[in-house]
Amino acid sequence: MTQTLKADLCVIGGGSGGLSVAAGASQMGAKTVLIEGGKMGGDCLNYGCVPSKALIAAAKKAHSLHDAEIFGVTGGPIVADYGQAMDHVEEVIAGIAPHDSVERFESFGVEVIQGYGRFSGPREVTVGDTIVQARRFIISTGSTAAAPPIPGLEECGYLTNETLFENREKPEHLIIIGGGPIGMEMAQAHNRLGCKVTVLEAFTALAKDDPDLTSIALKTIRAEGVDIREGAGITKISRKADGAISVDLENEGQGETLVGSHLLVAAGRKPNLEKLDLEAAGVSYSKTGIDVDARLRTSNKNIFAIGDAAGGFQFTHVAGYHAGIVIRNALFRMPAKVNYEGLPWVTYTDPEIANVGMTEAQAKEKYGEGVKVLTFPYAENDRARSERKTEGLVKAIVTKKGKILGAGIVGAQAGELIQPWALAITGKLKISTMASYISPYPTLGEINKRAAGSFYTPQLFSPKTRKIVKFLSHFG
Ligand SMILES: Cc1cc2nc3c(=O)[nH]c(=O)nc-3n(C[C@H](O)[C@H](O)[C@H](O)COP(=O)(O)OP(=O)(O)OC[C@H]3O[C@@H](n4cnc5c(N)ncnc54)[C@H](O)[C@@H]3O)c2cc1C
């Protein structure tokens, strides 16, 4: 029998964005319904950030043993058990899962319905036998791996981020289609766990980041043994009788066939919209996501879209940020708008690549050649030397007057080191603050301060300064 629920807020999708909205709204007293068709926690917990970072941690451990000798440490032969590394991944997910569980959300007073929701009108969603009518709806249905249109790919079958972490059989030769952050993170991790890895990227690997930074990371990953093919044109994929995967490539008229044991597709994402019947609610969308304004409202002003479903930046912290924006708009009717000026993002290769704000190219496009680019290498930092992590660079982009427009870092702990820059941009601090705070010695954080300090190098060591110092020295 059909039942009708009435609520203040109905959230469709219980991943990073949806759970943040549901937790916040319910604890502020709004009657909240949450509809989740798959696993609570969404991609980030089950198939994305958490398993990928847990696998990267296992791979990093294995790799650290390889260069232990340089520190005077030797052990027995290094054995990286792929299956056990995946067990570790599963344990990490299980440890976090209670935080995102149905029980926890019900304890907040959220009505959780398990099933896929679809709009049955501009102000109602149907899930199974239940109709939910709400004042406001939040679409937070996330995204899924998109498969490129390569002949034979569907018939061959392949792994995606949804199936990779269930696999316990070590790939002898993992072929990865896609050299973006997911592809490169998984390539390096698998290589470090003893798999042969080939990455096939149609254009440029890690193309969304500054090439001054990515070139350093890609050099390291290649040196470790990952075969990264950029400009790779895949013409056909097939599965051989013995189960092996055959990939036909063509590059400048030259043909080549690669044979691998496993195939991972990490070639972009598509928003999860097909089950929603958005037409029934009058919500417009494109193939990249739901159309939203700066307040994250859709073409139906009672419906908001957040996170990966809204296209744009596809990160967990963006979905969480969106959650705060829609709570203010939907519950408090405050006209809160998104502002991505201080948005950081990190690729968890080793070395990590982190960015916030504008890249050099973006800054030059907006402000012209007048912007200053400040850099400082890890190689000149004492802590980096002690740790033997000298490969890396901090790069900050500032206006002539010292306004910080962006920063990028490649190197150890880049994801941690980018945070003062994110704080500076958000808090509108000038480069003088970054250059003058006291940084403890010896830390990698000093690299940030030294990069910022280089803003003043031309003035400090100019002939004019020397003249002033000389003049003052006459007065004792
Ligand atoms: C391998 C990988 C690694 C990643 N690593 C990082 C990282 O290190 N850092 C980072 O910031 N981001 C990372 N991301 C991106 C991050 O996972 C996503 O940006 C984030 O999960 C988006 O949150 P969301 O709420 O929009 O969607 P999700 O978290 O995916 O949640 C969407 C939920 O909606 C449900 N759903 C879909 N349709 C319906 C429907 N009709 N009815 C009910 N429920 C529905 C789904 O089952 C899912 O649970 C990674 C992604 C991948 C794939």
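**Close-up views of the cavities and the ligand site**

**View 1. Lining of the largest cavity, by residue class.** The residues that line the largest cavity divide into 6 nonpolar, 3 polar and 1 charged, where Ala, Val, Leu, Ile, Met, Phe, Trp, Tyr, Cys and Pro count as nonpolar, Asp, Glu, Lys and Arg as charged, and the others, Gly among them, as polar. The model is predicted: local features need pLDDT of at least 70 and side-chain atom pairs count only at pLDDT 80 or more, while totals for chains, interfaces and linings use all residues. Residues are numbered from 1 along each chain as its sequence is written, and side-chain values use heavy atoms, with hydrogens and water left out. The lining consists of Ala145, Thr160, Asn161, Ile182, Leu264, Val265, Ala266, Ala267, Gly268 and Arg269. A cavity is a set of points, on a 1 Å grid over the protein atoms alone, where a 1.4 Å probe fits but cannot get out, and lining residues have an atom within 4 Å of a point. The volume of the largest cavity is about 50 Å³, taken as the space filled by probe spheres set on the points, with grid points joined across faces, edges and corners.

**View 2. The second largest cavity.** At least two lining residues come from each of α3 and α7 (181–192), and α7 gives the largest share, 4 residues; helices (H or I, at least four residues) and strands (E, at least two) are DSSP runs numbered from the N terminus. By class, this lining has 4 nonpolar, 2 polar and 3 charged residues.

**View 3. The shell around the ligand.** The ligand is surrounded by 38 residues, the closest being Gly17, Glu36, Lys53, Asp308 and Thr316, with a residue taken as near if one of its heavy atoms lies within 4 Å. By class, the shell has 11 nonpolar, 20 polar and 7 charged residues.

View 4. In the polar contacts (pairs of N or O atoms within 3.5 Å), a nitrogen atom of the ligand is 2.9 Å from a polar backbone atom of Gly117. An oxygen atom of the ligand lies 2.8 Å from an N or O atom in the side chain of Asp308, and a ligand oxygen atom is 3.4 Å from a backbone N or O atom of Gln314. Of the 1,000 Å² of accessible area that the ligand has on its own, the protein covers 93% (Shrake-Rupley method, 1.4 Å probe).

Conventions: A polar contact is a pair of N or O atoms within 3.5 Å; within protein, one must be able to donate a hydrogen and the other to accept it, and residues adjacent in sequence count only if both atoms are side-chain atoms. On a 1 Å grid over the protein atoms alone, a cavity is a set of points where a 1.4 Å probe fits but cannot get out, and a pocket is an open set with protein on both sides within 12 Å along at least five of seven lines; lining residues have an atom within 4 Å of a point.
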